[in-house]
Amino acid sequence: MSNLPVLFVILPLGFGFLYILLARRRPFVSEMGSVAVTLTLFMLSLILIGAGYFDGQQVIRSFNLNMGGWALPMGINIYLDSLTVLMLIIVNMISFTVILYSVNYMKKYSSRSYFYALILFMLAGMNGILLTGDLFNLYVFLELASVSSYILVSFGVEAEELEAAFKYLVMGAIASALILLGVIIIYLVSGTLNIAYAAQFIQEYGMNRALYFAFSLLLMGFSLKAALIPFHAWLPDAHPSAPAPISAMLSGVVIKVLGVYALLRVGFNLFDLGNDPYFLNLLLVVGGISLIIGVLLALYQWDIKRLFAYHSISQMGYVVMAIGLGTGLGMVAGLFHLFNHAVFKSLLFLNSGALETATGTRSLKKMGGLARKMPVTAVTSMIGSLSISGIPPFNGFWSKLMIIFAAVLAGQPFYALLAVIGSVLTLASFMKVQRYAFWDKCRLDKKIYESDLTAPIFMRVSMLILAVFCIFLSFLILPGIYRLILSPASLDLLQGAAGYIGGVGL
Amino acid sequence: MLSGIEYFLLISIILPFFTGLLVLVIPTEIKFLREIIASVTLVALFIMAGLLGIAPEQQLFSGFFSSDGLASFIFFFILFFGAINLIYAFGSEAGKSRLNEFYAYFLWTLGAAAGVVFSANMIAFLSFWGFLGLTLYMMIGLDGEAASGPAKKTILIVGGADALLILGFALLFLLNLPEQLADTTQIFSGNMGLWIEQPVTGPYAVLAFILLTMAAFSKAGAMPLHTWVPAASSDARPVTAAFLPGSLDKLLGIYFLYRICTKIFVMPEDSWMVTYLMVIGAVTIIGAVMMALVQHRIRRLLGYHAVSQVGYMILGIATLTPIGMAGGLFHMLNNAIYKSCLFLCAGNVETATGTDELDKLGGLGKFMPLTFLSMLIASAAISGVPPLNGFVSKWLIYRGLIQVGESGGLSWIVWLTAAMFGSALTLASFIKIIHSIFWSTPSCRIPLEKVKEQSYFRTIPVLILAGICLVFGIAYIYPLFLYVGSAIGELPRLVGMELYRDWHAGGATVLLVIALLIGLFVYWISGLFSRLRRVPTWVGGSQHDPERAYFPGTEFYRTIQRLPVISSLYGYQSRGFFDIYELGSRFSVGVASYFSNLHSGVLSTYVTWALVGLVVYLFVFLGIW
């Protein structure tokens, strides 16, 4: 294993600064540069699938890289296992499609170079979170991604956007402060910031009240970033207000990396709570509540992006609930659903951007009859809606199926029932979107309806790419591929701290 | 290496998917190519069905699928109804918009149906079953604006039941968990077999049974999951109504119910689950037929009958006796035959007159004789008039119910009464249809001079179906014994019962025909001797307005709506109290509005929630040791 993973952080960070320094007035350069960077990173993340060896059951991956050659407790390491690879694929795939989409979509905004710089900073932050083996480093990357996202939410600088960004900023800052406090306490107790070393310390000396306090703080911070109920309230304001590609990034990957991934790393690999009934039951309860209340809130919305945003809460509920089951199948189901949700929710937000660009409104009550006018948007949005609603043969069906089966097999039929109810309500809400946006009679201004509404080429291409993935991700459960991607990633969590420490090589 | 029969099944499933994709991308300018591709696919599928039918019962694809007599039987008839509707579609759909989508969904439906009937594994079953819900939704939604509401309702009810079905299967899997489930991948391999004959004992088994039957009910359209059927029947294209809610979904829903009661579960005969099925069946028969009585639009009325007839099939299967089950399955087939015929006839009438309101129609009998004849026969069949097919299967179901009574208990009387009463009401309702469309005074609200019989593409299919109603009624021995009996493996016991002893179809038909001839003769004689004079109607010194003298067939049935207890029930019904979709949406929107109002947009509130969450976390983690 070479130094390849470093590129995931360096490339976007470097290009982002280059835009600000050199290409402020040449948005074309930053557009093309960003597309090239994200495409490269997406390809690199796919190459990483080939890393590792097959042990007869599944592929094992664990690569540790000490930055600058510093020995471990002193230096910072990059640690890459199957979970990281899975998440890197998700993040860089979505980033690539989103930036491709932005090439057309962002035309109506000024200072686009800043936009691309910020989105690359966000990407660098997320890739950093995924790769780093150091707690404080994780916090820094988390702030990098968070601060970029605050600015990007307010990118339109209208009143609504600024207000949403302000709420997001305040809530996010509270979370970040608590996370920092948690990191400090861990450092205070264990004397190290390295995740593997801290984990080893906890393995040796056990948990104590201070560590539980630190864990609660971290858990709260990451829950807020993951927008689990009751920490969710910033999301339905922030996600709709951002430009559509940013909404897609935020709902598609940011809440997953900053929230769920960090939570899982800390909960399972650092504190080793994979068998702790309190932790697992908390995940179950919080996930179940988010799932049901999120989807109910979505049912009530007529603003298409706000509706999607509430579904993000609900879908994160699915993921967290599945992982909270604590079984291997639940873990796989949760990670699979996380992947699927990244794809279909990004797709849906990109659709909403195309709709908004074409019609000038986000209200479902003012749309209608657009299937004929915007065929690509209509078809891809149908695919996205069916995926999120769990209709075969699309990817969401398989992950929901696995979640329901996992819940029943884990002896939690109540949570399986919640998943079923959530699924029906999701279906209801997305069929509403289909009906009012695409099928019903047109309620738009006639002049608008008769003009050319088709989305520009790059927007169509990126929506089509994601729609195709909605179908092809179903293949992840085929036994051969399953052992390559999903099963090893779940194993990294199931093995807890011991697996992580061993992977880093202590 | 795949065996030959595995190839046949693979082709049955895959071929329609590819040809469906093909017709989807063919440019709309090229004419007839889509029709040709669809026809060729159908012919190929018929060949596959034949090959699968003659093959012995066996497992395929390491247990994911299996072929047996019943599956081939159902698949054959799905293709048969596909062919009938395809021919009709050549006439009715020509020149309509989104034709490529229509044929694509049609073909995909056939492929997925093949997948459903042959699958013997939970995952395979679920994916094909769910995909059928999707094609159903897309096909209903083809008509855009008008159908967008019914399409949404349909996918919500059918898709919601699918989600319940997943839960049911999960419970079932839990009850039959393989000893060693070390690797989670095993969940998607062959050990999730469906034909496990789980006894219905214990809470999980009962729950799984109910969830599975709910999925079957939603597809077939039994109460309380029936409301999509009338909605979709009246607002989708006639050929879609005939193909999906009319025939295919009945076949699949009842097929699944039969499998649930025989191969997935085994039920003790005095189980509460039998009573549950009987109650659903009886309520469905009566409730739906009462609704049908007061409808004023043809296809909506037919849609309610499509629900009502399902009740008979459920009753038949719930008897758990060979004769009752054979009756239920035979009724499933018969219902699909006459119900598609009725829907397609209704389509002909609609195209000819431009309306489907019974109040506006009338006197079409002499303008559309072929449609009239077919619809008359099919109406008689659905009402259970001998010697038609509907009578035979209902008779078998009655016999099954009586047989249940022989083993004690009195509840069978209730089910039997409901079934017979429902049959009478069905007849009443179809007299209304036939009278209103074909017999009553021609209404001046439609341009009668333009009304004419439809093209052969649209009359031949209905005539074929009506003919089968007659053939299956008179020569019922052949379809019943050769198909149903051998398909369910009850042939020897059915033959042993010598069913034909108490119903001599041939002799009875001769007597009936003689009676009809005598009646005609009397009518002719009386016409010879009576002196008729036709004069305009005068009321109060002036000639009566023909518009006001018009007496539609629907008027008489309004009295039913005004009956004391029933009127309040109809009142509740019109307010959506019996519609699970309405109830569900009202309830969830109510709850949603509560939560939505909590989101005031005030930042300090939001921060407070987050801090409360933190306190809960601290409490959980700091209080545990």
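Me: What distance separates the centres of domain 1 of chain B and domain 2 of chain B?
Reply: This is a predicted model, in which local features need pLDDT of at least 70, side-chain atom pairs count only at pLDDT 80 or more, and totals for chains, interfaces and linings use all residues. Residues are numbered from 1 along each chain as its sequence is written, and chains are lettered from A and ligands numbered from 1 in the order in which they are written. Chain B divides into domain 1 (267–528) and domain 2 (580–622), with bounds from an automatic or database domain assignment. Taken over C-alpha atoms, their centres are separated by 53 Å.

Me: What radius of gyration does chain B have?
Reply: The radius is taken over C-alpha atoms, and the globule rule is 2.2 Å times the number of residues to the power 0.38. With 625 residues, a compact globule would have a value near 25 Å; chain B agrees with this, at 27 Å.

Me: Which helix gives the largest share of the side of chain A that touches chain B?
Reply: Contact means C-beta atoms, placed from the backbone, within 7 Å. Chain A gives 59 residues and chain B gives 49. On the side of chain A, elements with two or more residues include helix H6 (159–190), helix H13 (328–359) and helix H16 (413–439); helices are DSSP runs of H or I, at least four residues, numbered from the N terminus. The largest share, twelve residues, comes from H16(A).

Me: Is A:Ser110 buried or exposed?
Reply: A:Ser110 sits in the loop between helix H3 (82–105) and helix H4 (112–131) of chain A. A residue is buried with 20 or more other C-beta atoms within 10 Å of its own, exposed with 12 or fewer, and partly exposed in between; C-beta atoms are placed from the backbone. A:Ser110 has 10 C-beta neighbours inside 10 Å, so A:Ser110 counts as exposed.

Me: How many Å separate the C-alpha atoms of A:Ser110 and A:Glu158?
Reply: A:Ser110 and A:Glu158 are 48 residues apart along the chain. Their C-alpha atoms are separated by 13 Å.

Technical notes: Two residues are in contact if their C-beta atoms, placed from the backbone, lie within 7 Å.
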